[in-house]
Amino acid sequence: MTQTVPDVLVVGGGIGGLTTALCAARRGLSVRVLEQAATYGEIGAGIQLAPNATRVLGRLGLLDRLRDVGVLPRRLVLAHAGTGRELTHLPLTDLPRRYGGPYVVLHRSDLLAALLDACRAAGVALETGARAGEVTDTGGRVEVRCTDGREFAGGVLLAADGLHSRIRPLLVADEPVCSGYVAYRGAVPLERVAHRSDLDDVVVFVGPGRHLVQYPLRARTLYNQVAVFRSPGFARGEADWGGPDELDAAFAGSCEHVRGAITAVGRDARWPMYDRPPTEHWVTGRIGLLGDAAHPMLQYLAQGACQAVEDADAVTDALASGAPAAEALRRYAERRAPRAARVQTTARRWGELWHLDGAEAGARDALLLGRDPDDHDHVGWLYG
Ligand SMILES: Cc1cc2nc3c(=O)[nH]c(=O)nc-3n(C[C@H](O)[C@H](O)[C@H](O)COP(=O)(O)OP(=O)(O)OC[C@H]3O[C@@H](n4cnc5c(N)ncnc54)[C@H](O)[C@@H]3O)c2cc1C
């Protein structure tokens, strides 16, 4: 091992890992990131960032750039997939006043590029092709041997290696839980989607066992769609479940707008939806989990990455406090785990609510139609 030992070794260079690296560097800590892929990158789809994340990104000085490459939607709309009727909405323009940060939607690669540039400028050491294998906590530092034989060490190791984390099994004996739902998603040039919603809105069309999300990206030149449905093939125990034929069948009973939109959804890749049960075991010695490695959640609240950004801020705040490393990590877990658990469990319930059928769906719709759009009861705890 020839490298100098940084204060913080981050495993995983996704949104969680890079935000953590940047937060740590800005707090005066030395950082190295190990990313298994040959280059740092994200999938070609959009992401929604709520005020609880944009507040942190604003403090990191990234907000102007994200505003330029993203879109600040005016409303978050819930609509009926069968009729297209709007059920309720949340005005988004006053979120900066209420919660100290805007609601921004942007292309994932634009977010990652902004984080990468800022990490480079802050002196973060960025390794690629570095797939973490064996991890040893010596008591004084943490050592990592990568699968290509390279070795690295850090004062602490922060595992931001995602849903299928290699490091989480050192702390928790569990497996990802498959919801039986699958997502098709992607961003394409705006003109390729004929059935668009208002370009000032993020719209979710909800229906029995399915939903469609639509919003514009990159200064309204791209349009992002996410189509999610419960797979009958999964329920039947088929190995190759959730194919494009299931996608078309799932949305066949939808209104013309939604059916038309589905024809513009890319079919080349699909993402089965997983989460894990909440755990409070985020830390052992000098090793800590963050992001999807700590709290993978279903995407219905659009909070997985936002929670990773909160982790990044909290863990580096604790590490920079001057407390001994293991104690700092314990404080981080105590602060963050209960909140992330609430978001994980609420996300599951949110999905159940969206996907109701029959009389239960009717009761939901009646409640939503009567809701005051300025009622922040269901988001205040999350965004505030
Ligand atoms: C359909 C869908 C829509 C979503 N929409 C939103 C949204 O609108 N808003 C939101 O906040 N969240 C959203 N999410 C959730 C969000 O995408 C994730 O929570 C977030 O990307 C997690 O970031 P992460 O950095 O923790 O993990 P990941 O993004 O999974 O990154 C992990 C990184 O670690 C690397 N890695 C893995 N193993 C190793 C190893 N052994 N060694 C080195 N590197 C390794 C990987 O290559 C990867 O780069 C959505 C998720 C889905 C599925």
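A: A definition to begin with: contact means heavy atoms within 4.5 Å. Also, this is a predicted model.

Q: OK. Which strands does H10 lie across?

A: H10 lies across strand E4 (75-80), E12, strand E13 (201-207), E14 and E16. Its direction is at about 65° to E13.

Q: What is the strand order in the open sheet of 7 strands?

A: The order is E5-E4-E13-E14-E15-E12-E16, and the pairing is mixed. At the edges are strand E5 (86-91) and strand E16 (271-275), each of which pairs on one side only. Neighbouring strands are turned by 20° against each other on average, direction ignored.

Q: And E14 with E15, parallel or antiparallel?
A: Antiparallel, over 8 bridges, with E14 covering residues 210-217 and E15 covering residues 222-230. Pro216 stands opposite Tyr223 in E15.

Q: Which strands does H7 lie across?
A: Helix H7 (residues 244-251) lies across strand E12 (177-189), E14 and E15, and runs at about 90° to E15.

Q: New topic: how much space lies in the second largest pocket?
A: About 160 Å³. Helix H2 (51-59), helix H9 (304-319) and helix H10 (325-354) are the elements that give two or more residues to its lining.

Q: Which one gives the most?
A: H2, with 4 residues. The lining as a whole divides into 2 nonpolar, 2 polar and 7 charged residues. Among them are Arg55, Arg59, Glu310, Asp313 and Arg335.

Q: Which residues does UniProt list for "domain: FAD-binding"?
A: The unreviewed UniProt entry lists residues 7-344. In the model that span is 30% helix and 29% strand, and its end C-alpha atoms lie 30 Å apart.

Methods
Residues are numbered from 1 along each chain as its sequence is written. This is a predicted model: local features need pLDDT of at least 70, side-chain atom pairs count only at pLDDT 80 or more; totals for chains, interfaces and linings use all residues. Side-chain values use heavy atoms; hydrogens and water are left out. On a 1 Å grid over the protein atoms alone, a cavity is a set of points where a 1.4 Å probe fits but cannot get out, and a pocket is an open set with protein on both sides within 12 Å along at least five of seven lines; lining residues have an atom within 4 Å of a point. Grid points are joined across faces, edges and corners, and a volume is the space filled by probe spheres set on the points. Ala, Val, Leu, Ile, Met, Phe, Trp, Tyr, Cys and Pro count as nonpolar, Asp, Glu, Lys and Arg as charged, and the others, Gly among them, as polar. UniProt positions are given in the numbering used here, feature names are shortened, and annotations may be inferred rather than shown by experiment. Two strands pair if DSSP finds at least two bridges between them. Axes are lines fitted to C-alpha atoms, for helices over the stretch in contact, and angles run from 0 to 180 degrees between N-to-C directions.
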